Amino acid sequence: MKTTDLVRDSLLAALLLALQVGLAWLPNIELVTLLLILYAVWFGSHGWIILYVFVLLEGLIYGFGLWWLSYLYVWAVLMAAALFMRRFRPGPLSWALLGGIFGLLFGGLCSLSYLAAGGPSAAFAWWISGIPFDIIHGISNFILILVLFTPLSRLFSFLKRHGQ
């Protein structure tokens with residue numbers, strides 16, 4: 001890995017964390033999904049490094065609980081899906097659909113760690129209680145990605161062309 005890649009990946013992970021912390025007061029409205037999709041599109045497998053630095057930093061700030069264990073695999077589902085979709089060069093609507101579906105499934109995916117810790121009833125109760133937040137998460141992801149994907153993608157294209 002080149003030094004420039006290491007610096008870029010570190011800065012992009014820090015940007016994820018800063019935006020996540022800065023928007024934490026809004027219930028399930030976040031830019032992490034959008035940025036992880038963009039990182040997959042523009043930086044390929046480096047997205048994994050950025051993702052896990054971000055997850056580690058979140059654990060250091062908020063603590064390492066069950067929620068954190070779920071972040072180890074939940075965000076990886078998004079990254080894997082984005083890296084797979086990247087091959088087909090989809091448009092903004094397809095990316096918005098990915099983000100919206102991911103937001104709707106987020107609580108269900110996170111409930112798997114509660115399944116391991118407390119059994120099926122704990123996982124089901126945790127998932128059901130979070131459905132209103134998952135709906136907000138899915139709708140806000142869809143709208144944010146639909147509106148911001150193209151301009152941010154142009155910015156990433158410009159930065160990638162002029163950064164090498």
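**Note on the predicted model**

1. Leu 93 is partly exposed, at a relative accessible area of 49% (buried means under 20%, exposed over 50% and partly exposed in between, with a 1.4 Å probe and protein chains only). This residue lies in helix α5. The model is predicted: local features need pLDDT of at least 70 and side-chain atom pairs count only at pLDDT 80 or more, while totals for chains, interfaces and linings use all residues. Residues are numbered from 1 along each chain as its sequence is written, and side-chain values use heavy atoms, leaving out hydrogens and water.

2. Leu 93 belongs to a nonpolar surface patch that also includes Leu 97, Ile 101, Leu 104, Ile 139 and Val 147, among others. The accessible area of the patch is about 910 Å² in total (Shrake-Rupley method, 1.4 Å probe). Its members have over 30% relative accessible area and no salt bridge, and nonpolar side chains are joined within 5 Å. Helices α5 (92-118) and α7 (131-162) each contribute at least two residues.

3. Helix α5 has 27 residues and spans 39 Å from first to last C-alpha, close to the 39 Å expected (1.5 Å times one less than the number of residues). Gly 119, with a positive phi near 90°, follows α5.

4. The model contains 16 aromatic pairs (ring centres within 6.5 Å; planes under 30 degrees apart are stacked, over 60 edge-to-face and the rest tilted). The rings of Tyr 39 and Phe 156 have centres 6.0 Å apart and planes at 40°, so this pair is tilted. Because Tyr 39 lies in helix α2 (residues 32-43) and Phe 156 in helix α7, the pair ties together parts 117 residues apart in sequence. Tyr 39 is buried at 0% relative accessibility, and Phe 156 is buried at 8%.

5. One aromatic cluster consists of Tyr 62, Trp 67, Tyr 71, Trp 75, Phe 102 and Phe 106.

6. There are 2 salt bridges (a side-chain nitrogen of Lys or Arg within 4 Å of a carboxyl oxygen of Asp or Glu). Arg 8 meets Asp 5 at 3.4 Å, N to O, and Asp 9 at 3.0 Å, N to O. These shared partners join Asp 5, Arg 8 and Asp 9 into one network. Asp 5 and Arg 8 are 3 residues apart in helix α1 (residues 3-22), about one helical turn. Asp 5 is buried at 15% and Asp 9 at 2%, whereas Arg 8 is partly exposed at 21%.

Terms used: Patch = residues over 30% accessible without salt bridge, like charges linked within 9 Å, V, L, I, M, F, W, Y side chains within 5 Å. Helix = DSSP H or I, 4+ residues; strand = E, 2+ residues; numbered from the N terminus.
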